[in-house]
Amino acid sequence: MIEIDDTLCMRDVVLADPLFGDFLVDKGFPFSIENPITELVNFSDVVQMRNIDREEFLAEYEAYRENGGVLPEGCDGPRFACF
């Protein structure tokens, strides 16, 4: 399973894996590396603030990657109960 390094801020996570940034945007998150908050929060912060299930979210991201950067049908929006 994919893991996100919690020692990195979200900006660095997305700079290292731009497809993760695309995934966040496709899921409806208002994400942009130009936003200064991305230097202050890590993935665990996002999980806690958005009250998401980390493992389910990462499993969905893994499926997104395997699907060529396209959300499976019916999996758009910030909720992720597609699997």
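Colleague: What should I know about the numbers before we start?

Modeller: It's a predicted model, so local features need pLDDT of at least 70 and side-chain atom pairs count only at pLDDT 80 or more, while totals for chains, interfaces and linings use all residues. Residues are numbered from 1 along each chain as its sequence is written, and side-chain values use heavy atoms, with hydrogens and water left out.

Colleague: OK, helix 3. Which residues are buried there?

Modeller: Helix 3 covers residues 43-50, and Phe43, Val46 and Val47 are buried in it. Buried is under 20% relative accessible area, exposed is over 50%, and partly exposed is in between, with a 1.4 Å probe and protein chains only. Helices are DSSP runs of H or I with at least four residues, numbered from the N terminus.

Colleague: Where do those buried residues fall, seen down the axis?

Modeller: They fall within an arc of 100°, so they line one face of helix 3. The arc is taken over the directions from the helix axis to the C-beta atoms. On the face turned away from the buried side you find the exposed residues Gln48 and Met49.

Colleague: And what does the buried side pack against?

Modeller: Helix 1 (10-16), helix 2 (18-26) and helix 4 (54-66). Contact here means heavy atoms within 4.5 Å.

Colleague: How about the ends of helix 3?

Modeller: Asn42 caps the N-terminal end, with a side-chain oxygen 3.0 Å from the backbone nitrogen of Ser44. After the helix comes Asn51, which has a positive phi, near 55°.

Colleague: Switching to the core. How many residues are in the largest one?

Modeller: The largest nonpolar core has 20 residues, and Met10, Phe20, Phe23, Leu24, Phe43 and Phe57 have the most contacts inside it. Helix 1, helix 2, helix 3 and helix 4 are the elements that give two or more residues to this core, and the largest share, four residues, comes from helix 4. A nonpolar core means buried Ala, Val, Leu, Ile, Met, Phe, Trp, Tyr and Cys residues joined through side-chain atoms within 4.5 Å.

Colleague: What's Leu24 in contact with?

Modeller: Leaving aside neighbours within four places in sequence, Leu24 is in contact with Met10, Val14, Phe29, Phe31 and Phe57.

Colleague: Now the charges. How many salt bridges?

Modeller: Five, counting a side-chain nitrogen of Lys or Arg within 4 Å of a carboxyl oxygen of Asp or Glu. One of them joins Arg54 and Glu3, with the closest N and O atoms 3.8 Å apart. Arg54 lies in helix 4 and Glu3 in the segment before helix 1, so the pair ties together parts 51 residues apart in sequence.

Colleague: Is Arg54 buried or exposed?

Modeller: Arg54 counts as buried at 19% relative accessibility, whereas Glu3 is exposed at 56%. Their C-alpha atoms are separated by 9.6 Å. Glu3, Asp6 and Arg54 are also linked in a network of salt bridges.

Colleague: What about Arg11, which residue does it pair with?

Modeller: Arg11 forms a salt bridge with Glu39, closest N and O atoms 2.2 Å apart. Arg11 is in helix 1 and Glu39 in the loop between helix 2 and helix 3, so parts 28 residues apart in sequence are tied together. Arg11 counts as buried at 17% relative accessibility, and Glu39 as partly exposed at 46%.

How values were computed:
Polar contact = N/O pair within 3.5 Å; in protein donor to acceptor, adjacent residues only side chain to side chain.
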